[in-house]
Protein chains: 4
Amino acid sequence: MTAFTPADPDFADRVRISFERQSIMALIGAKLSRVEAGLVEIELPYRPALCQQHGFFHAGVTSTIADSAGGYAAFSLFPADASVLTTEFKINLLAPADGERLRALGRVLKPGRTLTICEVEVFALKHGKEKLCAKLLQSLMTMQGKPDAPLEAAPRG
Amino acid sequence: MTAFTPADPDFADRVRISFERQSIMALIGAKLSRVEAGLVEIELPYRPALCQQHGFFHAGVTSTIADSAGGYAAFSLFPADASVLTTEFKINLLAPADGERLRALGRVLKPGRTLTICEVEVFALKHGKEKLCAKLLQSLMTMQGKPDAPLEAAPRG
Amino acid sequence: MTAFTPADPDFADRVRISFERQSIMALIGAKLSRVEAGLVEIELPYRPALCQQHGFFHAGVTSTIADSAGGYAAFSLFPADASVLTTEFKINLLAPADGERLRALGRVLKPGRTLTICEVEVFALKHGKEKLCAKLLQSLMTMQGKPDAPLEAAPRG
Amino acid sequence: MTAFTPADPDFADRVRISFERQSIMALIGAKLSRVEAGLVEIELPYRPALCQQHGFFHAGVTSTIADSAGGYAAFSLFPADASVLTTEFKINLLAPADGERLRALGRVLKPGRTLTICEVEVFALKHGKEKLCAKLLQSLMTMQGKPDAPLEAAPRG
């Protein structure tokens, strides 16, 4: 695994502030648990309201935290005045997302000026044991010169 | 587009009952708006709580309704005693999911005994105009002999 | 399906010249059979040398013509001084690629300044009947200001 | 990385015999360079006939060896009377496939009775240095009770 040099020394604060702006994370109860240059982790405790028809986490919920973990892993390497946009991802659901908690670990596989490619692994914690339940491969675009709007000017406040 | 013959004449009821069991749909406010053999549509009105950092629908939310639209399109063709499992999907985010409402239209591309392949288009409605904002290609597995549990026996009460 | 306006009126010639430069197409025997703005078709007759272990076209061969069909569909809309690069694709193999001929039909789903998204369908012709055997969803990057090198200056003579 | 226990102790011979049956491998000049339980590597020397329009390996060629590397990694864990079928894959092309040789390293991420999920990395060797140029995520189906036909009974002689 290559070590990455972030373009912005304040990348961790920038990731946290942007994550706070993702209202869906509050709705589902996801927390940012780790921020490094090119690596971001998000955790999500189980709630009955997050499920598909068999009582497991819905694949869309797994995708939601995986997409943000990979997106912010990419974003952590961006210049301070850029924002991030997912252009596509592919997810393989390897096992039912069954457990007390999900953990999505996103890592930059290949940084780039325009496109950054990330990999994300999602683990389900059950009875104290973690199991890989999903793997995601994702493309992110750097939106140069378009920083996230300040919190007070959110477009739909 | 091929017309499909459902294995179970009561497929539409079966889809609606299973959809009701997906608690995440209630959390985000998604509604089943159309159920045909091999075709399912889900609609989702905008809410500030469903967003990413720029105030658009989060890609994970778009994925959530797209995954269920495709999943139930497949499920509509299954025998009465089978349930459905997404094994993987790939989503291309073609435009920001910006609007008053999303509409995910899932269609079976290729039915199969073990694997069914679906395509899903997601449209964003804004100022009365719909725009294609995402396209999904998805694999679903038939879980033979494993019907959804009855509602009163949900595994996580 | 939207009609597209090509940036370069000579797009069809540009596609044909670039296709000629793809040496792999000659090796496998693929032919460009249709070039329109945002739509390109490639055909490939069966040969025993193109197969996987069961005597069907190898998935990599199917991918090869599908990737070029989508790539040139995108390229057909590009300005005259740009070249094209596939950044990713996903292919679902819906049925064995079994037949006398494959036909890959690539279409632009969403053109863009930086990224263009295409869909490709591959059909296998057997005993006079065509069957959809693969579906591909693909991202292409516009390499602005980097036209294909002229044929006489190919980098690897 | 988990160690896998192959169902068939003669898996390496079975992989080599099946690989020999893939005629496309001979056409492009690919060689099986490593076979372990759940891990298969394929190498491909550069030839001018394998290229896209800029003289790099065509993405379809990269996909061809990657698909077989992952496919045989899965196949290595299958019972002796089963064959393998790729149902889908997704490839991210991280850098131009530019070099004297490609190396595709396929690994089982999650074995399963019906579906096995593999990851494949493709490296390009140039001037003695290897660079990751593609990453693939792939689903393989076990065809139970359908061994590869013996070589003398190939369906298309």
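These legends describe close-up views of a predicted model.

Residues are numbered from 1 along each chain as its sequence is written, while chains are lettered from A, and ligands numbered from 1, in the order in which they are written. In this predicted model, local features need pLDDT of at least 70, side-chain atom pairs count only at pLDDT 80 or more, and totals for chains, interfaces and linings use all residues; side-chain values use heavy atoms, with hydrogens and water left out.

**View 1. Chain A and its elements.** Chain A has three helices and six strands. Helices (H or I, at least four residues) and strands (E, at least two) are DSSP runs, numbered from the N terminus. Read from the N terminus, the order in chain A is α-α-β-β-α-β-β-β-β. The C-alpha atoms of chain A fill a box of roughly 45 × 40 × 25 Å along the principal axes. The radius of gyration of chain A is 15 Å, which agrees with the value near 15 Å for a compact globule of 157 residues. That radius is taken over C-alpha atoms, and the globule rule is 2.2 Å times the number of residues to the power 0.38.

**View 2. The interface of chain A and chain B.** The size of an interface is often given as the accessible area lost when the parts come together. Here, about 3,400 Å² is buried between chain A and chain B. Carbon and sulfur atoms give 52% of that area. Buried area is the accessible area (1.4 Å probe) that two parts lose on being put together, summed over both. Chain A brings 41 residues to the contact, and chain B brings 41 residues. Contact means heavy atoms within 4.5 Å. There are 23 residue pairs in polar contact between chain A and chain B, both residues at pLDDT 80 or more. A polar contact is a pair of N or O atoms within 3.5 Å; within protein, one must be able to donate a hydrogen and the other to accept it, and residues adjacent in sequence count only if both atoms are side-chain atoms.

On the side of chain A that touches chain B, the elements giving two or more residues are helix H1 (11-21), helix H2 (23-28), helix H3 (59-75) and strand E3 (83-93) of chain A. E3(A) gives the most, with ten residues. By class, this side of chain A has 17 nonpolar, 17 polar and seven charged residues. Ala, Val, Leu, Ile, Met, Phe, Trp, Tyr, Cys and Pro count as nonpolar, Asp, Glu, Lys and Arg as charged, and the others, Gly among them, as polar.

**View 3. Strands paired between chain A and chain B.** E3(A) and strand E3 (residues 83-93) of chain B run antiparallel, joined by five bridges. Two strands pair if DSSP finds at least two bridges between them. Ile91(A) stands opposite Phe89(B) in E3(B).

**View 4. The interface of chain C and chain A.** Seven residues from chain C and seven residues from chain A make the contact. The two chains bury about 470 Å² between them, with 82% of it on carbon and sulfur atoms. Zero residue pairs in polar contact, both at pLDDT 80 or more, are found across this interface. Strand E3 (83-93) and strand E6 (129-143) of chain C each supply at least two residues of the side of chain C that touches chain A. E3(C) provides the largest share, three residues. This side of chain C divides into two nonpolar, three polar and two charged residues.

**View 5. A hairpin in chain B.** Strand E1 (residues 31-36) and strand E2 (residues 39-45) of chain B pair in the antiparallel sense over five bridges. Glu36(B) stands opposite Leu39(B) in E2(B). The hairpin has two residues between the strands, and Gly38(B) takes a positive phi near 85°.

**View 6. A salt bridge in chain A.** Lys135(A) forms a salt bridge with Glu119(A), their closest N and O atoms being 3.1 Å apart. Lys135(A) lies in strand E6 (residues 129-143) of chain A and Glu119(A) in strand E5 (residues 115-126) of chain A, so the pair ties together parts that are 16 residues apart in sequence. A salt bridge is a side-chain nitrogen of Lys or Arg within 4 Å of a carboxyl oxygen of Asp or Glu. The whole structure has 44 salt bridges over all chains.

**View 7. The surroundings of Glu43(C).** Glu43(C) sits in strand E2 (residues 39-45) of chain C. The side chain of Glu43(C) makes a polar contact with the side chain of Arg101(C) at 3.0 Å. Leaving aside neighbours within four places in sequence, the residues in contact with Glu43(C) include Gly29(C), Lys31(C), Ser33(C) and Leu102(C).
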